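Please work through each task before reading its solution.

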Amino acid sequence: MSTQSTSRRAIRALTWLLLICAALAALIGSGVIWDKQSWVPKLALDLEGGTEIILAPQIQEGTQLTEEQLAQAVGIIRQRVDSAGVSESEVSTQGGTNIVVSIPGTPDQATLDRIRSSAKLEFRAVLLTDAVVSLEAVGGTNGGTTETPAPTPPPFPEPTADPTDGSDTNWIGSALYNTYLTATCDELDAAGANVADPALPLVICSDDGLFKYVLGPVEVDGSMISDAQGNYLAGSNGVQTNEWGVYLTFNAEGTTAFSTVTKRLTVLTGVRNQFAIVLDGRVISAPRTLAAIADGKPVISGSFTELSSKTLADQLKFGALPIGFEVQSSETVTPTLGVAQLQSGLIAGAIGLLLVIIYSLIQYRALAFVTISSLVIAFGLTYLVITYLSAANGYRLSLAGVAGLIVAIGITADSFIVYFERVRDELREGRALGSAVEAGWGRAFRTIVVSDAVNLLAAVVLFVLAVGNVRGFAFTLGVTTVVDLLVVILFTHPLLQLLARTRFFASGHPLSGLNPKSLGAVYRGRAQFVVNEAITGAARGKVSKEVRKRQTIAERRAAENGGDS
Amino acid sequence: MSSITQFGNRLYTGETSINFIGRRTLWYIISIVGISLAIGAAALRGGFSFGIEFRGGSEFQISNPAQVDTSIAVDTVTSDIGADAQTRVTIVGGSSVRVQTDQLTTEENDALRASLATAYSVDINSVTSSFIGASWGSDITSQALRALAIFVVLVSVVMALYFRTWKMSVAAIVAMLHDLVLTAAVYGAFGLEVTPAAVIGLLTILGYSLYDTVVVFDKVRENTAIAYDESKRTFAESVNLAVNQTLVRSINTSIVAILPVGAILFIGSMLLGAGTLRDIALSLFVGILSGAYSTMFIAAPLYAQLREGETEDRKQGRAQRTEIVRNSAGAVR
């Protein structure tokens, strides 16, 4: 390859790096201008403090919250908090009943809703339904009581037999019917529509409070959901509409149950053809059942927005809370460690970096310039990435994260060290600097890629599978590893390629750090080299050359001294 | 040129050679003694002391005190319970002070509540006490352990595929375990409280250890991957040469990695005294040194030892075959 194209490629790589940095800076800048984001990354709970939300369980009088229920609720709430990003939130319990959620910064209403609502999803068959206003009219004409209801709706016969399935009107007794006619939605909520016995029928209101329902017992519930996605609803002709819905996937048990119920409902007429979807004690929709759904993949609609459909999908995916919670208090808390720790950490880190620079200068002379500028670029790129992800992804820098970044100095610098040492090895073999850089890069690149791949694997596995603080760590590790790869490919190598063409380095100036003489390079006479090539065939020559190269130089000298052995 | 460069030259040429492989029994013994000492010291200390993030503890909240000052609470707890009560003091909502400590007995609890009321000059009813659960619950630990197990299996497979021998995976994983056990034991020996940050520090070491081993093993692979018709070196000698040739890199990398961590450990401690940052820095400091040591003195000799049972022909034959496979694969692309 010509030296011309080498330097052209080097400059192209540097341009790419500049573009990446500029793009990141532009992304952050636009966030600063339009979304009131900041040029500095946000800090985690331990360094900045945040908001502490105490959630109290909504349980009926006399019932006790079991330890398992609480542990389950903590686990689910943690997953819900984590699903919003890498926030390094903390979830713990207090006094054996309350759940304490600590979130850095100030959470908005959507976050609060996401955390506390129980997301208890039930499917029940509709037995009776009517608009609240028309039921009130009926109640009104009869003076508030409902012994003999007016023409609409017709008087309801007492049950004649035990109900046989979830759509059987024999579920409805006069007490239930009275409640249906007279109770207001607020009364129904207070009576515990969201904690109702799943084996009994239920009187309940619609989400908007306009309709009242009498529903059969629970047929399918949220625990049978294996996956949920928020997406646009498809219209009747299969074309995407601009309404949002939640696409559910049931597990085997749920699929069977859903298929059985929908088969039964399709043949029923009137309101009993409807299948009500109950979320946290309100009917969010009660669609007519047009066909049996056998694949276990129903779609639920309701007046969803993009945000609410995705929030519900997340909640359903991680499971319903065993109980609903209400926010008892929400207060700001000061950091546990404080900025003092961060500051002295940064000061100490800066001193450490200074020591690294001094050591590099001793070790690599002018070449240390490449190390230092690479570290500076790596630092800048990491800062940009973290600031961007902090704004876009809720990433928060904790003290442990800072420690991870400081260790990353070592791993990043190692890439340069591996590279330089390989270049020096090639110089010792008697190569000229230009080709030593290329050959050394070829070998070093493999090593750098495979060792970074190991780190990246750790980052991805831990990020996907772990929860809580461990995810934050995995995130930091992943970011620094990718930055390391980018910097060594797009900065260190091109820079060295360009420097290798300068007189200072190419002539092996004693201060360049790449002086063949002080590296003890073996002098390979041109003539001898040619003779070797001439004697052996092309392929044989290649192997022999490789083997010669693999011999240590001491072995080679010994071989030369000992004649042609 | 600096003397380390000269040293590097001699190592590279083979003039100077440290016998990493041959004296493996010595290195193994050093490691075993070191780990045993650290575990022994940690055991004498009574094992690990886990922070309140793991075990839960007692919590006091002082409402509307005259002074919203955290240092008063720290002093009170220290004089009442002792310095090792792992006190955490935060200001809640700008107007009340919250104190978290280790789990206290009922008597201690009542006594501290009264002292806090006196210290902040408030009525005792303005100081509420309750029990707090662990914020790093067993669910986080079990998820993290599961993730780690899956990672170790995956990384073993990846290394075995890349190096074309599972024996390198085994050697690298053993070296990693060596580092984790040693770091954890030294941490315990210092009697430091195990915080979530310390666990994260340990995870960092896990990554660093494997990273360091892979870098050196890649040189071993390079040195042993070509047929040695004309070389009189045995397989073990080739491995030894590779470790020697990467020794300068290992020294340089370890120094560069240890300098910032050491600065935090020593300078940070002077500035701050004990603190979370010092705890992490200590585990990183031990871990990085151990990681560098285990790569050269445990992983490489162990790898050579694992392949000892194979005949030279087989080792080299395999190497030759893989070389051919690699070349033909290159041609297809």
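Two residues are in contact if their C-beta atoms, placed from the backbone, lie within 7 Å. The model used throughout is predicted.

**Exercise 1. The fold of chain A**

Task: State how many helices and strands chain A has, what percentage of its residues count as buried, and what share of its contacts with a separation of 6 or more comes from residues 24 or more positions apart.

Solution. 
1. The secondary structure of chain A consists of 18 helices and twelve strands.
2. Chain A has 565 residues, of which 44% count as buried.
3. Among contacts in chain A with a separation of 6 or more, 72% are made by residues 24 or more positions apart.

**Exercise 2. Domains of chain A**

Task: List the domains of chain A, then describe the contact of domain 1 with domain 2.

Solution. 
1. The division of chain A is into domain 1 (3-42 + 337-506), domain 2 (50-116 + 328-333), domain 3 (121-320) and domain 4 (526-561).
2. Taken over C-alpha atoms, the centres of domain 1 and domain 2 of chain A are separated by 38 Å.
3. To their contact, domain 1 of chain A brings twelve residues and domain 2 of chain A brings ten residues.
4. On the side of domain 1 that touches domain 2, helix α14 (residues 469-500) of chain A gives the most, with four residues.
5. That side of domain 1 has three nonpolar, six polar and three charged residues.

**Exercise 3. The contact of chains A and B**

Task: Determine how many residues each chain gives to the contact, and characterise the side of chain B that touches chain A.

Solution. 
1. Chain B gives 79 residues and chain A gives 76 residues.
2. Elements of chain B that each supply at least two residues of the side touching chain A include α1 (3-13), β3 (88-92), α8 (196-224) and α11 (276-306).
3. The most comes from α10(B), with 17 residues.
4. By class, the side of chain B that touches chain A has 46 nonpolar, 24 polar and nine charged residues.

Conventions:
Residues are numbered from 1 along each chain as its sequence is written. Chains are lettered from A and ligands numbered from 1 in the order in which they are written. This is a predicted model: local features need pLDDT of at least 70, side-chain atom pairs count only at pLDDT 80 or more; totals for chains, interfaces and linings use all residues. Ala, Val, Leu, Ile, Met, Phe, Trp, Tyr, Cys and Pro count as nonpolar, Asp, Glu, Lys and Arg as charged, and the others, Gly among them, as polar. Domain bounds come from an automatic or database domain assignment. A residue is buried if 20 or more other C-beta atoms lie within 10 Å of its own, exposed if 12 or fewer, and partly exposed in between; C-beta atoms are placed from the backbone.
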